[in-house]
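Here's a quick briefing on how this chain is put together, written for someone who likes the cut-offs spelled out. Have the model open alongside as you read.

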Amino acid sequence: MCSVEVQGKIFEKYITAQQIEDAVYKVAQQINKDYAGKEPLFIVVLNGAFIYAADLFRKIELPSQVTFVRLQSYSGMETSVNVREMIGLYEDVEGRDVIVVEDIIDTGTSMKHFMESLKAKGVRSIALTTMLFKPDALLYKEVTPKYIGIEIPKDFIVGYGMDLDGYARNLDAIYVIKK
């Protein structure tokens, strides 16, 4: 598919499934190297990161655990400064090495809020991995991801877990809105 229609908007293929697979492999190899001898806790931010997290976690060769949280800062195609924890963190993270798994980092608003709450709970270390990173949109430098799949411009995208009002998460490639 070269283009798809989602909620009346046209999106064009931007990143192929093979490019995604290569990026996930690269990130996993770096995490395996950096966390050798450690047992990190992966905290996956739902809903969007579930596909990236599944692909990434299958390539992690470390003794590790995974858990999930759900934050909400988007409505339609717009991000908000209000971040809500829809599903909170129940695991004890004190003294743990934590890797937060996100689908996309743009303004960093959600991650700033979430990482501050993790620090308050006494984690040993926090690293952030994201499939997609929009460096030109980032408002909070302290949430710059350590492990980045692919950097992209500020365009709105869907696919590979990322959505428009809940639709298009199932696409195996990433699509950008047609201008």
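The largest nonpolar core here has 31 residues, where a nonpolar core is a set of buried Ala, Val, Leu, Ile, Met, Phe, Trp, Tyr and Cys residues joined through side-chain atoms within 4.5 Å. Buried means under 20% relative accessible area, exposed means over 50%, and partly exposed is in between (1.4 Å probe, protein chains only). Bear in mind that this is a predicted model: local features need pLDDT of at least 70, side-chain atom pairs count only at pLDDT 80 or more, and totals for chains, interfaces and linings use all residues. Residues are numbered from 1 along each chain as its sequence is written, and side-chain values use heavy atoms, with hydrogens and water left out.

**The cores**

- Inside the 31-residue core, the residues with the most contacts are Ile31, Leu56, Met131, Leu132 and Tyr160.
- At least two residues of this core come from each of α1 (17–34), β3 (41–46), α2 (50–57), β6 (97–105), β7 (125–133), β8 (147–151) and β10; helices (H or I, at least four residues) and strands (E, at least two) are DSSP runs, numbered from the N terminus.
- Helix α1 gives the largest share, six residues.
- Leaving aside residues up to four places away in sequence, Leu56 touches Val24, Val27, Ala28, Ile31, Phe42, Val101 and Thr129 (contact means heavy atoms within 4.5 Å).
- There's also a second, separate core of 20 residues, with Val69, Val98, Met111 and Ile148 among them.

**The four-stranded sheet**

- This open sheet runs β1-β2-β10-β9 with antiparallel pairing; two strands pair if DSSP finds at least two bridges between them.
- β1 (3–6) and β9 (157–158) are the edge strands, each with a single partner, so one side of each has no neighbour in the sheet.
- Four bridges link β1 to β2 (residues 9–15) in the antiparallel sense: Glu5 sits opposite Ile10, and Val6 has Lys9 as its bridge partner.
- β1 and β2 make a hairpin with two residues between them, and Gln7 in the turn has a positive phi of about 50 degrees.
- On to β10 (residues 174–177): β2 runs antiparallel to this strand and is joined to it by four bridges, with Glu12 opposite Val176.

**A look at Gln30**

- Gln30 and Ile60 are 30 residues apart along the chain, and their C-alpha atoms are separated by 9.7 Å.
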